[in-house]
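I opened my notebook to look up a few things in this structure. Here is what I went looking for, entry by entry.

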Amino acid sequence: LLALQPIHEAWAGVKLVPEMAYGLRIYREGAQLLMHYDRVASHVISSILHVGHDNASEPWPIVIEGFDGKTHEVVLKEGEMLFYESSKCLHGRPRKFRGSYYSSIFVHYRPVKYHLTREDVECVVPP
């Protein structure tokens with residue numbers, strides 16, 4: 001997390017606090033990631049590092065909804081990193097993976113003076 005922090009701060013334009021890294025995540029034939037938002041409290045500035053996949057696999061794009069409401073499909077090559085705001089942008093891999101393996105690492109940060117929680121977001125609208 002600390003080694004990657006400077007490039008995340010450069011992309012985000014703010015100082016960040018390291019929160020979490022997940023991986024190596026390995027997905028197998030038929031895997032899907034339903035569209036979702038990540039944790040509001042900790043997954044503010046995020047990236048996906050695509051580690052590798054088998055040569056016979058079909059491309060498995062991540063689908064991200066931008067702030068304009070349009071969805072974008074991104075196919076990562078081995079070694080490529082995608083930066084995104086994972087608690088604000090709906091994202092997933094809704095198509096089933098076709099191949100024997102696909103592996104990634106997920107890295108998450110939050111801005112230094114950021115303190116929103118799930119409750120802050122869910123409770124702002126009165127019942």
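The entries below cover the cores, one histidine and a surface patch in this predicted model.

**Entry 1: the cores.** I started with the largest nonpolar core, which has 13 residues. I asked which members touch the most others, and got Tyr 27, Ile 48, Trp 60, Ile 64 and Tyr 102. I then looked up the strands behind this core: E4 (62-65), E6 (81-84) and E8 (102-111) each supply at least two of its residues. A second, separate core turned up too, with 7 residues, including Val 40, Val 44, Ile 45 and Tyr 109.

**Entry 2: Trp 60.** I listed what Trp 60 touches, leaving out residues up to four places away in sequence. Among them are Tyr 27 and Tyr 102, along with Arg 93, Arg 95 and Lys 96. Ala 31, Gln 32, Leu 33 and Phe 97 complete my list for Trp 60.

**Entry 3: His 72.** I found His 72 in strand E5, residues 71-74. Is His 72 buried or partly exposed? I noted it as partly exposed, because its relative accessibility is 38%, and buried would need under 20%. Setting aside neighbours within four places, I see His 72 in contact with Ile 62, Val 63, Ile 64 and Gly 66. A polar atom of the His 72 side chain lies 3.5 Å from the backbone oxygen of Lys 70. I also checked His 91: its C-alpha is 9.4 Å from that of His 72, with the two 19 residues apart along the chain.

**Entry 4: the surface patch.** I finished with a nonpolar patch formed by Leu 24, Ile 26, Val 51 and Tyr 101, together about 340 Å² of accessible area. Val 51 sits in strand E3, residues 45-53, and I logged Val 51 as partly exposed because its relative accessibility is 34%.

Key
Residues are numbered from 1 along each chain as its sequence is written. This is a predicted model: local features need pLDDT of at least 70, side-chain atom pairs count only at pLDDT 80 or more; totals for chains, interfaces and linings use all residues. Side-chain values use heavy atoms; hydrogens and water are left out. A nonpolar core is a set of buried Ala, Val, Leu, Ile, Met, Phe, Trp, Tyr and Cys residues joined through side-chain atoms within 4.5 Å. Buried means under 20% relative accessible area, exposed over 50%, partly exposed in between (1.4 Å probe, protein chains only). Helices (H or I, at least four residues) and strands (E, at least two) are DSSP runs, numbered from the N terminus. Contact means heavy atoms within 4.5 Å. A polar contact is a pair of N or O atoms within 3.5 Å; within protein, one must be able to donate a hydrogen and the other to accept it, and residues adjacent in sequence count only if both atoms are side-chain atoms. Patches are made of residues with over 30% relative accessible area and no salt bridge: like charges are joined within 9 Å, nonpolar side chains (Val, Leu, Ile, Met, Phe, Trp, Tyr) within 5 Å. Accessible areas come from the Shrake-Rupley method with a 1.4 Å probe; for residues, only the protein chains shown count as cover. A salt bridge is a side-chain nitrogen of Lys or Arg within 4 Å of a carboxyl oxygen of Asp or Glu.
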